[in-house]
Amino acid sequence: MTFDDAVKKSIKQFLKGKLLKDTAALKPDGVFFTPEYFDELEEELLDEKTDSTIEKEEELEDEA
Amino acid sequence: MRLNAPIPGANYLSDTRNYAWHRPPDIVDYDEAVSYLIDKIDEPEKKELVFAMLGIDAHITTIVTTILLQAVSKGKIGIDLAILCAGPLARYIEISAKDVDIKYEMGIEDKDRVAITPTLLKISLGMSIDSPEEQEIDGTIEKTMVQEAANRGLMSMPEPSDMVASPEEQAAMLGEVTEEEPEDELS
């Protein structure tokens, strides 16, 4: 696997919402730059809901 | 003959201690590394470069790879941490591109992937590809044979008409071939 392939794989995993569990476990407060952080940042900057936020809201509605 | 290659043992003589990536990296913390890389992108010159690259249809993955390799070569972050930082960095560039309405492509989709089809498989295995007409004819013959077999049974006795050869065939088998009389060329 080349560096490019590794970068692509890493980006794919991050966009799927998967976070580094082991890295996060090392820090007591957890990591700051999570996929959720970037979703919130996007909402703030663009004033529109992200796809993941819409999905989460739909899931909550279905549960209710 | 001159070879364009280092002489044997050159690696023992060269001083590689000054390469940044041979020393421990400056940043080893994930959040610190992402913060450093985001700050780097936010620099006006870098931002211009990133948007210019997006303008020439460069994928975000390409831009991220370039930025990460730069940071690794400067000794700021290690190569494994660089891979971990790729996701947040790509997401940040994506948000920035959306913010200024620049068309972008992430570059993680496998658009160049060729779908495996029976035809492709046949070509790769060196098998001949039948044209649709040939396939249709083959299918019809096969269907007829199956139909006949179903009607009569596979082990059933063949019909007498199938067993008896025509008189011409019998004559040919017995060597009674009627030779055609040569035509008189002169007449």
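Why does B:Leu69 count as partly exposed? With 15 C-beta neighbours inside 10 Å, B:Leu69 falls in that class, because a residue is buried if 20 or more other C-beta atoms, placed from the backbone, lie within 10 Å of its own, exposed if 12 or fewer, and partly exposed in between. The place of B:Leu69 is in helix H4 of chain B. The C-alpha atoms of B:Leu69 and B:Ile79 are separated by 8.1 Å, while the two residues are 10 apart along the chain.

This is a predicted model, in which local features need pLDDT of at least 70 and side-chain atom pairs count only at pLDDT 80 or more, while totals for chains, interfaces and linings use all residues. Residues are numbered from 1 along each chain as its sequence is written, and chains are lettered from A and ligands numbered from 1 in the order in which they are written.

Chain B has 9 helices and 0 strands. Helices (H or I, at least four residues) and strands (E, at least two) are DSSP runs, numbered from the N terminus. Of the 187 residues of chain B, 15% count as buried. Among the contacts in chain B with a separation of 6 or more, 70% join residues 24 or more positions apart; two residues are in contact if their C-beta atoms, placed from the backbone, lie within 7 Å.

Helix H3 of chain B covers residues 44–55. Its 12 residues reach 16 Å from the first C-alpha to the last, close to the 16 Å expected at 1.5 Å a residue; the expected span is 1.5 Å times one less than the number of residues. Just after H3(B), B:Asp57 takes a positive phi of about 65°.

H4(B) has 14 residues and spans 20 Å between its first and last C-alpha, close to the 20 Å expected at 1.5 Å a residue. Its buried residues include B:Ile63, B:Val64, B:Ile67 and B:Leu68. The cover over the buried residues of H4(B) includes H2, H3 and H5 of chain B, together with helix H1 (3–15) of chain A. After H4(B) comes B:Gly75, whose phi is positive, near 80°.

How do H4(B) and H5(B) lie relative to each other, and at what angle do their axes cross? The axes come within 9 Å and cross at roughly 135°. Axes are lines fitted to C-alpha atoms, for helices over the stretch in contact, and angles run from 0 to 180 degrees between N-to-C directions.

Chain A has 4 helices and 0 strands. Buried residues make up 12% of its 64 residues. The contact between the chains takes 21 residues from chain A and 19 residues from chain B. On the chain B side, H2 (30–42), H4 (60–73) and H5 (79–99) give two or more residues. H5(B) provides the largest share of that side, 11 residues.
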